[in-house]
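Trainee: I have the model open and would like to learn how to read its features. Where do we begin?

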Amino acid sequence: MTEHDDKLRETGRAQCRQFDRDLSAYLEGEEKAGVLTHARECPFCAVVLADLEQIRFSSHHLPLVDPPARVWANVRATLAEEGILHEQVPAWQRWYHRLPLFAESVPVGALAALAVLAIALLTSPISPDNQGTAASVSADQQIVTAGIWPAGIDSGMTRTVEEMQEAFRGRQSSMEPSLRETYRKSLASLDASIEDCIKHCRREPCDALARQYLARAYQSKADVLASALDSSDH
Amino acid sequence: MSADKIPAGKAVPETQLIARAQQGDEAAFEALFNTHKRRVYSLCLRMTGDTAEAEDLAQEAFLQLFRKISTFRGESAFTTWLHRLVVNVVLMHLRKKGLQQVSLDDVDTSQEEPVKRDYGEDDQRLLGSIDRIRLAHAIEALPHGYRTVFVLHDVEGYEHNEIAQIMNCSIGNSKSQLHKARLKLREHLRRDQKSPQPEAQHSSGSKDER
Amino acid sequence: MYNPRMSFKTGQAAGRFLLGVALMLLVPCSLLMAASPTRLEKSLETTAEPQIHFSNLRGVVIIRGWVKNQVHVICVMASPRVEVAVDPMPRTGQAERIHLVTHVLDPLVTGADEAADCTLDVPLGASLEIRNRQGSVQVEKLQGQHAWIESGDARISATDVTGHLTARSLGGDIELTRPTGRTEAFTITGNIRLLEPGSKNLRANSNSGKITFQGDFIPAGEYVLSTYSGDIEVLCPPSASFELNAKTVKGTLENTFSLKRRRHAPSPLDSANSLFGTYNTGDATVELTSFSGKIRVRPQP
């Protein structure tokens with residue numbers, strides 16, 4: 001090694017040290033042309049510069065993280081306790097409470113009688129012409145009690161599916177519209193199948209194939225609802 | 001009993017949500033929460049490096065927000081207002097814990113350690129696109145003071161004069177701490193790249209898809 | 001003579017010039033980045049039979065088998081705020097497993113902006129688990145142990161897959177061409193097409209979509225095709241050999257093969273329309289059921 005080589009090495013190291021001193025300012029946007037010049041000449045300093053720029057770039061795009069659901073639950077509970085939250089009264093209730101009829105007290109007995117009548121009407125056997133999933137749930141219960149529900153599907157499962165459906169109804173407003181539409185179409189297709197099957201099973205309770213289809217449709221509905229709820233969680 | 005849900009398919013302007021929240025509308029509160037929850041929680045998590053603390057602080061930040069929302073007059077963007085509030089909540093917490101945020105000494109660069117270089121090795125830049133999950137872990141592993149400045153500046157985009165004001169330090173200090181933070185992160189990531197550790201379980205509540 | 005001051009000034013001017021050029025290049029680049037798609041391209045060395053797990057939100061996903069022990073990923077994201085994270089395990093050396101997950105980095109990014117169109121070239125022996133919430137999936141030439149493909153509303157197509165193949169969609173059509181391993185296809189409202197299947201164990205189910213089977217039956221194979229209201233159409237060569245069990249509750253049955261009908265005592269459990277019989281030597285078992293759809297079995301033209 002010659003004296004010249006030593007001098008060159010020393011100059012190189014000095015330039016690297018200067019680079020180190022200027023690097024912070026350069027990354028802050030200050031004019032430090034020497035930084036770029038030296039980076040072009042020194043592969044090791046070039047690596048340092050590239051690394052720090054990469055870190056700076058990547059840190060602008062860090063993934064966002066979802067908080068656990070209890071955060072909102074706790075916030076909501078505290079705000080409610082502090083009286084900061086006001087319940088929104090649905091429009092129909094606001095109208096209802098304005099009626100002079102209900103400004104006076106109504107005989108309790110008359111109200112009770114009305115309630116009993118309403119309950120009786122709502123729980124009477126469903127005629128075959130009834131449409132809708134709510135009707136099919138009570139029809140399901142009839143089928144369960146009639147003992148022709150397919151194996152593997154009982155009132156417990158129908159309740160679970162109904163709960164999942166309720167949860168889906170609550171969350172679908174927050175889903176991507178096209179995704180929501182996909183799930184709705186699938187559930188509509190399955191609901192149509194279930195209703196059809198139930199009607200058929202009432203007419204022909206011994207039709208094993210129809211019962212198999214009913215079981216399969218219910219299973220598929222549970223799968224689709226589970227997928228929808230999972231999707232809305234993300 | 002439940003408040004009317006705000007249909008998410010229909011984007012309600014934030015000004016409307018704020019106005020409704022100022023009237024105590026629960027659905028508006030929830031909508032504002034859902035809009036900002038990820039940024040708020042992520043900021044708390046990055047500044048504290050701890051999921052339990054981040055949860056508590058995010059909660060506290062939203063509570064303060066909703067308690068004070070009636071005072072928001074629209075002088076600045078709501079997001080900016082919320083952001084400042086979150087940063088204050090976190091810093092107050094860190095100060096209460098007695099954590100030194102930023103060295104109050106004047107910056108002395110004369111005795112600074114030289115930046116590590118891998119002399120003798122081929123050009124080994126950090127991999128083309130840094131694994132952001134690993135970067136997030138590396139940020140959590142930074143010392144508190146470095147982490148706060150790094151998160152505020154490089155992640156959240158605060159300027160040094162703002163950081164200096166927030167953290168009650170000099171601009172020079174803020175710059176120096178930021179540079180040290182970046183160098184520390186670089187060291188951590190390069191170490192990781194050379195001898196990778198088993199993937200740490202990220203218990204922050206992020207939902208990894210299978 | 002060397003004048004350090006002159007040299008410094010010249011250097012300073014050159015530096016300013018270069019910085020200016022760099023800035024001029026940076027501004028349009030950053031504008032482009034904000035508005036235009038971003039791209040990821042990555043190659044990873046793998047074992048001969050890696051497991052590939054890919055979870056995507058939206059966009060077209062194409063997976064192709066190739067002879068290299070390498071996974072080559074090219075993704076084009078509609079927004080720079082969408083990222084595809086690629087995680088090989090182990091991190092160094094030949095990966096045995098690769099996880100790819102699409103993340104949306106900004107909650108304001110929704111809809112079509114969430115799209116990531118990805119093409120993966122994977123070793124022929126790779127096993128797959130692909131979930132594409134709102135986008136099509138196309139898989140070609142795979143010989144790995146299993147391929148699980150799931151999509152929401154878009155099409156799934158798989159060609160020349162030899163392992164256990166499962167394709168599931170809510171509303172998307174499924175087309176499987178020449179699968180040779182155990183094969184399952186499920187959809188709620190989509191149609192299913194099974195073309196030249198070489199599988200000995202094949203199940204397909206659609207609630208309201210149509211199922212079309214076009215090809216021959218493998219001796220000792222079991223084929224179960226079922227719909228609720230969709231039609232089922234089976235087209236097979238005159239040389240096929242199968243035992244047919246076809247049933248429908250409210251639909252219709254059409255068959256143009258001359259079957260040797262089995263002597264079958266009517267059972268109270270039988271539905272109204274059923275057809276049981278053997279064609280040629282009855283080497284494969286074919287079960288076709290539909291609640292209200294039309295079932296047709298006829299020779300391939």
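Mentor: Begin with a helix pair. H2(B) and helix H4 (residues 78–96) of chain B pack at an angle of about 30 degrees, with their axes 10 Å apart. Helices (H or I, at least four residues) and strands (E, at least two) are DSSP runs, numbered from the N terminus. Axes are lines fitted to C-alpha atoms, for helices over the stretch in contact, and angles run from 0 to 180 degrees between N-to-C directions.

Trainee: What conventions apply to the model and its numbering?

Mentor: The model is predicted; local features need pLDDT of at least 70, side-chain atom pairs count only at pLDDT 80 or more, and totals for chains, interfaces and linings use all residues. Residues are numbered from 1 along each chain as its sequence is written, while chains are lettered from A and ligands numbered from 1 in the order in which they are written.

Trainee: Back to the pair. Are H2(B) and H4(B) roughly parallel or roughly antiparallel?

Mentor: Angles under 35 degrees count as roughly parallel, over 145 as roughly antiparallel, 65 to 115 as roughly perpendicular and the rest as oblique. H2(B) and H4(B) are therefore roughly parallel. For handedness, look at the near helix: turned anticlockwise from the far one by less than a right angle, the crossing is left-handed; clockwise, right-handed. H2(B) and H4(B) cross in the right-handed sense.

Trainee: Which residues make the contact of H2(B) and H4(B)?

Mentor: Contact means C-beta atoms, placed from the backbone, within 7 Å. H2(B) brings B:His36, B:Val40, B:Leu43, B:Cys44, B:Met47 and B:Thr48, and H4(B) brings B:Leu82, B:Val86 and B:Val90. Sorted by class, the residues of this contact are seven nonpolar, two polar and no charged. The classes: Ala, Val, Leu, Ile, Met, Phe, Trp, Tyr, Cys and Pro are nonpolar, Asp, Glu, Lys and Arg charged, and the others, Gly among them, polar.

Trainee: At what angle do H1 and H2 of chain B pack?

Mentor: Helix H1 (residues 14–22) and helix H2 (residues 26–48) of chain B pack at about 130 degrees, with axes 7 Å apart. That makes H1(B) oblique to H2(B). Their crossing is left-handed. B:Leu17, B:Arg20 and B:Ala21 of H1(B) meet B:Ala28, B:Phe29, B:Ala31 and B:Leu32 of H2(B). The residues of this contact divide into six nonpolar, no polar and one charged.

Trainee: What should I look for in a nonpolar core?

Mentor: Nonpolar side chains tend to be buried together in soluble globular proteins. A residue is buried if 20 or more other C-beta atoms lie within 10 Å of its own, exposed if 12 or fewer, and partly exposed in between, with C-beta atoms placed from the backbone. A nonpolar core is a set of buried Ala, Val, Leu, Ile, Met, Phe, Trp, Tyr and Cys residues joined through C-beta atoms within 7 Å.

Trainee: How many residues does the largest core have?

Mentor: The largest nonpolar core has 61 residues; C:Ile52, C:Leu128, C:Val139, C:Ala147, C:Ile149, C:Ala158 and C:Ala167 have the most contacts inside it. Its largest share, five residues, comes from strand S5 (residues 95–104) of chain C. Beyond neighbours within four places in sequence, C:Ala167 contacts C:Ile149, C:Ile156, C:Ala158, C:Ile174, C:Leu176 and C:Ala185. A second, separate core of 60 residues includes A:Leu49, B:Phe33, B:Val86 and B:Val87.

Trainee: How many helices and strands are in chain A, and how many in chain C?

Mentor: Chain A has ten helices and zero strands. Chain C has one helix and 24 strands. Of the 234 residues of chain A, 27% are buried; of the 301 of chain C, 43% are.

Trainee: Where do chains A and C touch?

Mentor: There, 29 residues of chain A contact 30 of chain C. Helices H2 (33–41), H9 (177–203) and H10 (208–233) of chain A each supply at least two residues of the A side. H9(A) gives the most, with ten residues. The A side has 14 nonpolar, eleven polar and four charged residues.

Trainee: Which residue has a positive phi in chain B?

Mentor: B:Asn168 has a positive phi of about 60 degrees, although it is not a glycine. B:Asn168 sits in the loop between helix H7 (160–167) and helix H8 (171–194). B:Asn168 is exposed, with 12 other C-beta atoms within 10 Å.

How values were computed: Contact = placed C-beta atoms within 7 Å.
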